[in-house]
Amino acid sequence: MKMQRKLMPAAALALAAMTGAPPAGAAEPDYQALNTVLVENYVLPRYEAFAEATAALDDALVEACADGRPTPAEAGAAYHAAMDAWMAVQHLRFGPALLFLRYDRLEFWPDTRGVVRRHLAQLLSEQKAEALEPQTFASGSVAVQGFPALERLLYDSEPETWSSPFGCAVVRAIGANIESIGAGLLADWRDGDQAFAQVVLSAGDGNTHYFDAKEASLDFAKSLRGALLLVQDYKLGRPLGKTADAALATRAESWRSARSLRNVLINLTAAQTLYQGGGDASLSSMTRAQPRGAELDETVRAALQRLIDAVEAQPESLVKALEAPEGWQKLDAIRVEARQLLELLGGPLSEVLGLPMGFNSYDGD
Amino acid sequence: MMEISRRRFLVASAALGAAWGLAWPGDLRAAGQRYFVSACSDDAHNTLVRVIAEDGRVVATLPLPDRGHGAARRPGLREVVAFARRPGRFALVFDPLSGEPARRFDAAEGRHFYGHGVFSPDGRWLFACENDYDNARGCIGVYDASAGYRREAELEAHAIGPHEMVLLSDGRTLAVANGGIQTHPDQGRKKLNLETMQPSLAYIDAESGSLLHDHRLPAVLHQASIRHIAATADDRIGVVMQYEGPRNDLVPLVGFHHGEEAEIALPNPGDAVLHSLRQYCGSAAVDVSGQVLAASAPRGGVISFWSMAERRYLSSLALGDGCGIAPSGEPGGFLASSGYGKLMHHNALSGETTPLGDPAAAPVAWDNHMLALTL
């Protein structure tokens, strides 16, 4: 918007008349090619990795429970690997991720009313074996089914949790449940006639999910913005608060396993790869091909890299990062940078790509 | 696609001039200055309502408690009511020229606004589209503006989801676009009855609340939510729809109705135009001469223009995420706004487009609706 006002009136008119249409001389964005590259090189490998990591976690939890109490030393590596894989797909909130409450069942967060603690305590105290039967468990409270409950059991449990075999039975139920969700996500994306990959790839002809290829590309664009919004608003915004005095590290995601900022780093890296990882068919190259796109693309790439560098320079634990001198200020600066990037994505980048991902009248009424 | 529409546009505008011979009634430019009111959002995500002059100059910007939607002008006074976007419950009353803080009133217990309303011609009664959500029932709240917007009565909308309405020239018949979609604030904006929805265009007597007559779409189009409505001075109506059916259907999204005609006329502008609208029209407006209906399609990034008399498609203007649309003071003229902050004047008769703006004002992303008023 600011750029337009600097143009001469005639140029501004031409620009205005072309908004929303492929401008003369610029390539019509090839949404179909973008979707193909992203499904094959981005989405499917990530869900494959997630399915593998959750299967490995399930195995590790069974093994770690052999002595009645799983410790971080026994199961921590598998837990972290599964969380890493989850963070790499957490922003893909469309298609199979929306089915069967998978998203909330994997990670009920933010948990503003302490539901995970209460429901887990209730489950542990009632000791009903039938509650852990896979179907029953999967259709029960989402709060005890996923990573936050497992994290509490591994890193922040009461000693009496392990005084009976039931504690480990819960751990195994969570492991099997997460594994089943990971397998389901991959299968729904990849396998069979109804595979969501095919739905996205065939969007160009129109199908019951997508009006056309552009509409499918919009889901990817929204996922890009979603990753940044998760980081800015939830993962940094919630623990940091408005001022340093208002900071509360225990509002961070995964603070018990000391990996809040590792989560952020993986989210940001996933966003960067989503934006520019596709070579010639990427959101980045599509942006460059549009008028005034080259400068915008440079700005977005630089901002993503600055964010990643800044988070990499921090410890993985947000608790530790806040304890460091000027810790709050450094994290707040990352949050501000993320917010500025969000403005860029929701405004100029949306407009140049023809993919409205932020505040718009599109999501209107 | 857009090249085609531009060519079509030239053909269409030539035909317009020939067919109509520039015959519009009398002096349409009412005395006074024309202003436009629209909800919007600034760079810091503050939700606002902004008043602009016809040249785009910002006259006033007021904060809103949350995202706004439509607005209504109180006849005879410098007073505008801006409504919350559903499922919001606030309405703000303000003088569009003074910039003084607004007064607020809220929807009744168990009701939320849909975001649109209209005043009686004497400026006393405000009618607001509302959701009686616990009973899955659409209703119209009646507020006494002379008594601080006290809620005095409630009319039946005679369908689910009354979204926007106009008051006809008799001063007592409300034509209501009933979208047909059931929602409950406990479930956000989730659509609860897409399989069974029955949108309607209902003519309701504002004094008795009784249903005069209503009109539905053919059964195959029951998922076309009749959401927005505009009328000419002689009560010819344009309605615009949002389709909730399978994504690979191409269905008509613009309809016309007048008086007691049984059917809503649904002209087919051809697949290319339907495709360009992407199953979603966001806002409707009629120009001051009553000749042109503008139907914005933010998902398609076009504003489409239609002949009210001939009930056919005329032309389109490309405007990415363009949704707000309101009649300017000239025949065929509209102001159009976009979620990317663009503002322009377009005349559907001459084809002329002029970008507008206010370099001195903070940029905003415009929300769905623009209200035109003359003060």
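Start at Ile229(B). Leaving aside neighbours within four places in sequence, Ile229(B) is in contact with Glu164(B), Met165(B), Val166(B), Ala175(B), Ala177(B), Ile237(B), Val239(B) and Ala284(B). Contact here means that C-beta atoms, placed from the backbone, lie within 7 Å.

The model is predicted: local features need pLDDT of at least 70, side-chain atom pairs count only at pLDDT 80 or more, and totals for chains, interfaces and linings use all residues. Residues are numbered from 1 along each chain as its sequence is written, while chains are lettered from A and ligands numbered from 1 in the order in which they are written.

Ile229(B) belongs to the largest nonpolar core, which has 109 residues. Val37(B), Ala82(B), Met165(B), Ala175(B), Val239(B) and Ala294(B) join Ile229(B) as the residues with the most contacts inside that core. Strand E27 (residues 364–374) of chain B gives the most to this core, 6 residues. A second, separate core has 103 residues, including Ala97(A), Ala252(A), Leu268(A) and Leu349(A). A nonpolar core is a set of buried Ala, Val, Leu, Ile, Met, Phe, Trp, Tyr and Cys residues joined through C-beta atoms within 7 Å. Buried means that 20 or more other C-beta atoms lie within 10 Å of the residue's own, again placed from the backbone.

Now turn to chain A. Its secondary structure comes to 16 helices and 0 strands. These are DSSP runs numbered from the N terminus: helices are H or I with at least four residues, strands E with at least two. The radius of gyration of chain A is 22 Å, close to the 21 Å of the globule rule for 365 residues, so chain A is as compact as a globular protein of that length. That radius is taken over C-alpha atoms; the rule is 2.2 Å times the number of residues to the power 0.38. Buried residues make up 48% of chain A.

Chain A divides into domain 1 (33–199) and domain 2 (212–353), with bounds from an automatic or database domain assignment. Their centres, taken over C-alpha atoms, are 24 Å apart. Across the boundary, 24 residues of domain 1 are in contact with 29 residues of domain 2. On the domain 1 side, helix H3 (31–64), helix H4 (72–87) and helix H8 (147–155) of chain A each give two or more residues. H3(A) provides the largest share, 7 residues.

H8(A) is mostly covered, with 7 of its 9 residues buried. Among them are Phe147(A), Leu150(A) and Glu151(A). Their cover includes H4, helix H5 (102–106), helix H6 (115–126) and helix H9 (166–190) of chain A.

Notes
Contact = placed C-beta atoms within 7 Å. Buried ≥ 20, exposed ≤ 12 C-beta atoms within 10 Å, placed from the backbone.
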